[in-house]
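Subject: Structure handover

Hello,

The sequence and structure are placed below for you to open. My notes on what was found follow after them.

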Amino acid sequence: MQNLKVESPQADVFSASQAVYSAQHPNKWAKIREKIREPAAEMLGTMIFILIGNGVNCQFGLSGDTDLSPSAKGSYLGFNFAWGCGAALGVWICVGITGGHINPAVTFCMAVFRRLPWFKAVTYILGQFIGAWLGALVVYANYSEAINIFEGGNGQRTLKTAGLFSTYPLAYVSSANCFFDEFIGAFILVFVVFAISDRRNSGLDPSFIPLVIFILILGIGAAFGMQTGYAINPARDLGPRVMTAMVGYGAQVFTFRHHYWIWGPVIASCCGGLVAGLLYDLFLYRGPESFVNRS
C-alpha cells in the first residue's frame, strides 16, 4: 500500500512563519540586531542630535576668541537653528522604529500615558544616555585643541568650556526660576509631541514629525534659551556632563549650584512633561491607552 503524507493547515502556517523568520534573521547578527534595534535606534538618534548640538556650541562659543578665529562663526539664531536641525535629524533616524523620542522625559511620559512597556522605556533611556555621551565625546575630541587654547593651557578645564557641552544657568537666575524655566520648556515640548502623535488630532504622517520637531526646538530655544540653556532633556544634559567629568573637568560639573543637573535638567524636565501629558489627556486625548480614559 502506498504511504500518503497528509499536510495539515497548521503545518503550512508553521512552515510559512519559519520562512518569514529565516528571511528576517538570515544570520546570528541579524537575530542580535532584532533584540537591540530599538534602543540602538534611540542611541544613534540621540548621538546625532548631540553631535550637531554640542558641535554648534563649540563653534559658536570658541570662535569668539580671536586666537582661534578672526571672526565669530555664527549667531544666537543660527545656534537655535542648529539645535533644531540636530533634533530633527535625530528623530528622523529612529521615528519609524521607536517613534523618535531621543529624550528620557518623552520616553517617561510615553510609559506613563501611552502604555509604553516599562522594560522598553528603560532600554530606550539607557540608549539615549549612551548616545548623548558618545556624541559629546566625539565633539570634545574634535575641539580639544581649540579648548586648550581658549582655556589658556593644555589640560586646563573650567566651567567656562564645560558649558559648551552641558547647561549651566546664568548667575542671576534663582533656583526656583531655573526649575520653572526648564519646566516650561519641557511642558511645551511634551505637549506638542503628544499632539503630533495623536492620530485622532493632527493625524500627522510620521515622515513630517522631524519637521515639526525642528520648528518646536527652534521656537523653545528662541523663547526660553537664555537663562538656563534649555536642556529640557535629561540625556542631552547628563550624557555630556558625565563625559566632561571623565575628560578632566572633575566633580565641579556635578556640584555646580547645589547639583543643578539633577533638579533642573532631570527633575524639572520630567515634571514639565508629566504635567503636559496629564493636561493633554484630560482635555484633548480620547484614546484608550491613557489611564485618564479607562473606566
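**A loop residue, then the rest**

I102 is in the loop that joins α3 and α4 (104-113). Before going further, please note that this is a predicted model. The backbone at I102 has a positive phi of about 40 degrees, although I102 is not a glycine. Is I102 buried or exposed? Its relative accessible area is 4%, so I102 is buried.

A second residue with a positive phi is Y230, where the angle is near 40 degrees and the residue is again other than glycine. Y230 belongs to the loop between α8 (209-224) and α9 (234-249). Y230 counts as buried because its relative accessibility is 6%, and the cut-off for buried is under 20%.

**The chain as a whole**

The protein chain has 10 helices and zero strands. Taken along the principal axes, the C-alpha atoms fill a box of roughly 95 × 45 × 30 Å.

Of the 295 residues in the protein chain, 45% are buried. The chain exposes about 14,800 Å², and carbon and sulfur atoms supply 67% of that area. For contacts between residues at least 6 apart in sequence, 76% join residues at least 24 apart.

**Two residues and their contacts**

I93 is placed in helix α3 (residues 76-94). With 40% relative accessibility, I93 counts as partly exposed. Which residues does I93 touch, leaving aside its neighbours within four places in sequence? I93 is in contact with A41, L44, G45 and I48. As a distance for reference, the C-alpha atoms of I93 and R157 are separated by 33 Å, and these residues are 64 apart along the chain.

L164 is in the loop between α6 (159-162) and α7 (175-196). Its relative accessible area is 8%, so L164 is buried. Once the neighbours within four places in sequence are left aside, the contacts of L164 are N54, N57, C58, G61 and L62. L164 and M226 are 62 residues apart along the chain, and their C-alpha atoms are separated by 14 Å.

**Aromatic rings**

How many aromatic pairs does a search of the whole structure find? The search finds 16 aromatic pairs. One of them is F187 with F191: the ring centres are 5.7 Å apart and the planes are at 20 degrees, so the pair is stacked. Planes under 30 degrees apart count as stacked. Both F187 and F191 lie in helix α7, four residues apart, which is about one turn of the helix. F187 is partly exposed, with a relative accessible area of 23%, and F191 is also partly exposed, at 26% relative accessibility.

Another pair, F254 and W261, is edge-to-face, with 5.6 Å from centre to centre and 75 degrees between the planes. The angle is what decides the label here, because planes over 60 degrees apart count as edge-to-face. Within this pair, F254 counts as partly exposed at 23% relative accessibility, whereas W261 is buried, with a relative accessible area of 18%.

F187 and F191 also belong to an aromatic cluster, which is formed by F113, F187, F191, F194, Y280, Y285 and F291.

**Charges over rings**

Y285, a member of that cluster, has a charge over its ring: the charged end of R114 sits 3.6 Å from the ring centre. Elsewhere, R241 lies over the face of Y168, at 4.6 Å from the ring centre.

**Where to look**

When you open the model, these places cover what is described above. For the positive phi values, go to I102 and Y230. For the stacked rings, go to F187 and F191, and for the edge-to-face rings go to F254 and W261. For charges over rings, go to R114 with Y285 and R241 with Y168.

Regards

How values were computed
Residues are numbered from 1 along each chain as its sequence is written. This is a predicted model: local features need pLDDT of at least 70, side-chain atom pairs count only at pLDDT 80 or more; totals for chains, interfaces and linings use all residues. Side-chain values use heavy atoms; hydrogens and water are left out. Helices (H or I, at least four residues) and strands (E, at least two) are DSSP runs, numbered from the N terminus. Buried means under 20% relative accessible area, exposed over 50%, partly exposed in between (1.4 Å probe, protein chains only). Contact means heavy atoms within 4.5 Å. Accessible areas come from the Shrake-Rupley method with a 1.4 Å probe; for residues, only the protein chains shown count as cover. Rings of Phe, Tyr and Trp (its six-membered ring) pair if their centres lie within 6.5 Å; planes under 30 degrees apart count as stacked, over 60 as edge-to-face and the rest as tilted. A charge sits over a ring if NZ of Lys or CZ of Arg is within 6 Å of the ring centre and within 35 degrees of the ring normal.
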